Amino acid sequence: MSQQQMQGQPMIVLGDDAQRMKDESAQEHNISAARAVAESVRSTLGPKGMDKMLVTSLGDIVVTNDGVTILDEMDIDNPTAEMIVEVAETQEDEAGDGTTTAVSVAGELLKGAEELLDQDIHPTAAIKGFTMASEQAREEIDDMAIEVDREDEEILRKVAETSMTGKGAEQHKDTLASLVVNAARAVTVEAEDGSYIVDLAYLNTETATGDSAGNSEVIEGSIVDKDPLHEDMPDETEGDVLLLDSAMELEEADVDTQVSVTDPDQLQDFIAQEEQQLQGMVDRVVDLGADVVICQKGVDDMVQHYLAKEGVLAMRRVKKSDLEFLREVLGANIVSDLDTATAADLGAGTVTRDGDAEHYIIEGDEDAHGVTLYLRGSTDHVVDEIERGVQDALDVVADTITEGTVLPGGGAPETEVAARLRDYADGVSGREQLAVEAFADALDVVPRTLAENSGLDPIDTLVDLRSAHDDDRVRAGLNVFTGDVEDAFEAGIVEPAHAKRQAVSSATEAANLVLKIDDIISAGDLSTEGDGDDAPGGGGMGGGMGGMGGMGGAM
Ligand code: ADP
Ligand code: MG
């Protein structure tokens with residue numbers, strides 16, 4: 001045991017390997033770790049941002065431009081750096097897009113905070129100023145937001161295209177944006193109070209390789225990627241569908257049980273009994289009135305045979321997620337026990353077969369709804385990146401439909417909000433004023449990076465943007481394709497306000513969290529390369545602190 005102190009002072013018991021950092025050095029350390037992570041995704045921001053190739057420990061490769069995917073795959077084991085990863089995850093969960101923006105702003109806020117601390121401003125004042133600025137920024141975002149017609153497909157398509165530009169999906173963005181809009185609109189319901197709900201539970205995405213992304217399509221219903229089970233079963237049918245998550249087989253125990261038979265009759269009896277059980281399952285399905293059985297588990301050969309004889313179409317070992325989606329599409333229940341099932345658990349549907357694609361298409365009746373976005377791409381890597389792009393686009397289109405507002409993109413909101421925050425700062429007293437100004441400066445990271453990533457001069461761009469906003473051109477943004485500062489809304493660069501608001505609040509929360517830490521107590525050596533989990537636990541503080549050992553190592 002080392003560093004034991006008695007005589008009325010707090011006693012801290014640390015192990016021999018334990019390390020401790022306090023105040024400035026703790027903050028400096030944390031800030032640089034968090035900033036390094038933010039910096040690593042910044043080069044992907046915007047339509048001209050670059051992609052990252054990530055190689056997992058198993059040697060799998062992911063090529064992506066998507067902030068949250070990059071950070072998730074990076075396997076960061078530094079606790080402060082992980083807070084930045086959490087920003088991306090929160091942004092992804094809450095808004096679905098804008099992860100790179102959120103992380104870049106968080107990194108830049110921390111850079112600003114570092115300068116504030118260097119000027120001997122207490123972290124508490126920095127935190128307070130950031131919080132005030134964040135609230136004000138969100139109000140300004142709402143104020144800037146442009147109301148749009150939620151049913152205006154053209155504006156929705158622009159929102160989808162803006163989000164897909166620069167991603168793998170870009171090359172076919174015309175087709176894909178239309179598909180995204182159609183799919184989102186197909187699952188939109190207008191509530192009684194006049195609000196719109198985009199129920200993404202009714203929307204599924206499936207992918208296939210070996211074809212151009214331009215041949216992607218929206219399918220009214222669900223796709224089940226299965227081959228026909230039995231040659232005598234119908235390929236296509238219409239009627240009641242049973243969703244079953246238990247096996248139509250004899251239980252394992254029955255198969256393995258040793259049976260001693262003394263004469264052939266007994267063996268016959270035993271086999272007959274098993275057959276009877278299987279036949280019983282089929283009878284039950286027929287009694288329920290099912291024309292189709294979709295089973296998550298196995299279906300015994302004998303059961304297949306009997307079902308075929310009854311003209312029932314069956315599928316087996318269907319993915320749980322498919323079954324859950326079918327429940328929505330068909331308005332059915334998932335049955336676990338055939339004996340207690342009733343006809344009310346079934347759903348009406350139509351099954352057709354796409355022989356070329358080797359899958360079934362299952363549609364519900366008029367009451368039920370559900371669509372599948374069927375995405376195609378040449379290879380796995382291509383189609384995966386297209387799917388990530390399309391997911392983001394779906395989220396922003398859904399946000400636009402539910403909120404009915406958009407913002408111009410291309411750094412327009414950041415520049416405008418920054419300008420308004422600088423005005424607002426004049427009325428803020430004390431040291432918080434400096435923090436509000438630092439916050440405004442941090443927002444500039446977005447237009448600056450958009451310019452940088454497009455090979456434009458970031459200073460020139462910022463100057464142009466600021467003078468446009470000084471002239472009350474609120475929607476002026478950088479169009480990276482022309483290199484000009486222009487009305488981003490007119491240029492069709494539009495985003496939902498929600499993602500921007502969320503990016504501001506999650507970036508602020510993360511920066512404040514990092515700033516609140518004034519003490520790092522680690523069970524391991526703070527300077528060792530990220531092997532924190534193996535660091536020996538030290539004295540009384542060992543247990544829960546093990547994960548902090550990699551501090552400073554991962555980057
Ligand atoms: P994020 O993960 O934050 O969504 P993206 O790489 O998708 O990051 O980039 C989004 C940013 O790119 C937004 O600020 C958006 O306004 C901007 N953007 C999109 N299209 C254009 C364009 N044509 N010109 C300039 N900026 C654009
Ligand atoms: Mg995006």
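An oxygen atom of ligand 1 is 2.5 Å from an N or O atom in the side chain of Thr-101. The protein buries 96% of the 580 Å² that ligand 1 exposes when taken alone. This is a predicted model, and every distance and area in this report is computed from it.

**The ligand site**

Thr-101 is one of 22 residues that surround ligand 1. The closest are Asp-97, Thr-100, Thr-101, Gly-410 and Leu-478. Thr-100 also makes a polar approach: a polar atom of its side chain lies 2.9 Å from an oxygen atom of ligand 1. Val-480 uses its backbone instead. A polar backbone atom of Val-480 is 3.0 Å from a nitrogen atom of ligand 1.

**The chain as a whole**

How much area does the chain expose? The answer is about 25,300 Å². Carbon and sulfur atoms supply 43% of that area.

The contacts say something about how the chain folds back on itself. Take the contacts between residues at least 6 apart in sequence. Of these, 73% join residues at least 24 apart.

Thr-415 sits in helix α13, which covers residues 412-426. Is Thr-415 buried or exposed? It counts as buried, because its relative accessibility is 3%. A polar atom of its side chain lies 2.7 Å from the backbone oxygen of Gly-411. Leaving aside neighbours within four places in sequence, Thr-415 is in contact with Pro-447, Leu-465, Arg-466 and His-469.

Thr-461 belongs to helix α16, residues 458-470. At 7% relative accessibility, Thr-461 is buried too. Neighbours within four places aside, Thr-461 touches Ala-451, Leu-456, Leu-478 and Val-485. One of these links back to the ligand: Leu-478 is among the residues closest to ligand 1.

**Salt bridges**

Side chains of opposite charge can pair when their charged atoms come close. How many salt bridges does the structure hold? There are 24. Three of them are listed here.

| Salt bridge | Closest N to O distance |
|---|---|
| Arg-448 and Glu-108 | 2.9 Å |
| Glu-154 and Lys-158 | 3.5 Å |

The partners differ in cover. Glu-452 is partly exposed, with 34% relative accessibility. Arg-42 is buried, with a relative accessible area of 14%.

Next comes the salt bridge between Arg-448 and Glu-108. Arg-448 lies in helix α15 and Glu-108 in helix α4 (residues 99-118), so the pair ties together parts that are 340 residues apart in sequence. Glu-108 is buried, at 12% relative accessible area.

Glu-154 and Lys-158 make a local pair. Why are they separated by about one helical turn? Because they are four residues apart in helix α6, which runs over residues 153-164. Glu-154 counts as partly exposed at 49% relative accessibility. Lys-158 is partly exposed as well, at 26%.

Glu-140, Asp-143, Glu-416 and Arg-420 are linked in a network of salt bridges.

**A nonpolar patch**

Finally, look at the surface. Which residues form a nonpolar patch there? Met-53, Val-55 and Ile-61 do, with about 290 Å² of accessible area together. Ile-61 is found in strand β3, residues 61-64. Its relative accessibility is 34%, so Ile-61 counts as partly exposed.

Key. Residues are numbered from 1 along each chain as its sequence is written. Chains are lettered from A and ligands numbered from 1 in the order in which they are written. This is a predicted model: local features need pLDDT of at least 70, side-chain atom pairs count only at pLDDT 80 or more; totals for chains, interfaces and linings use all residues. Side-chain values use heavy atoms; hydrogens and water are left out. Patches are made of residues with over 30% relative accessible area and no salt bridge: like charges are joined within 9 Å, nonpolar side chains (Val, Leu, Ile, Met, Phe, Trp, Tyr) within 5 Å. Accessible areas come from the Shrake-Rupley method with a 1.4 Å probe; for residues, only the protein chains shown count as cover. A salt bridge is a side-chain nitrogen of Lys or Arg within 4 Å of a carboxyl oxygen of Asp or Glu. Helices (H or I, at least four residues) and strands (E, at least two) are DSSP runs, numbered from the N terminus. Buried means under 20% relative accessible area, exposed over 50%, partly exposed in between (1.4 Å probe, protein chains only). Contact means heavy atoms within 4.5 Å. A residue is near a molecule or strand if one of its heavy atoms lies within 4 Å of it. A polar contact is a pair of N or O atoms within 3.5 Å; within protein, one must be able to donate a hydrogen and the other to accept it, and residues adjacent in sequence count only if both atoms are side-chain atoms.
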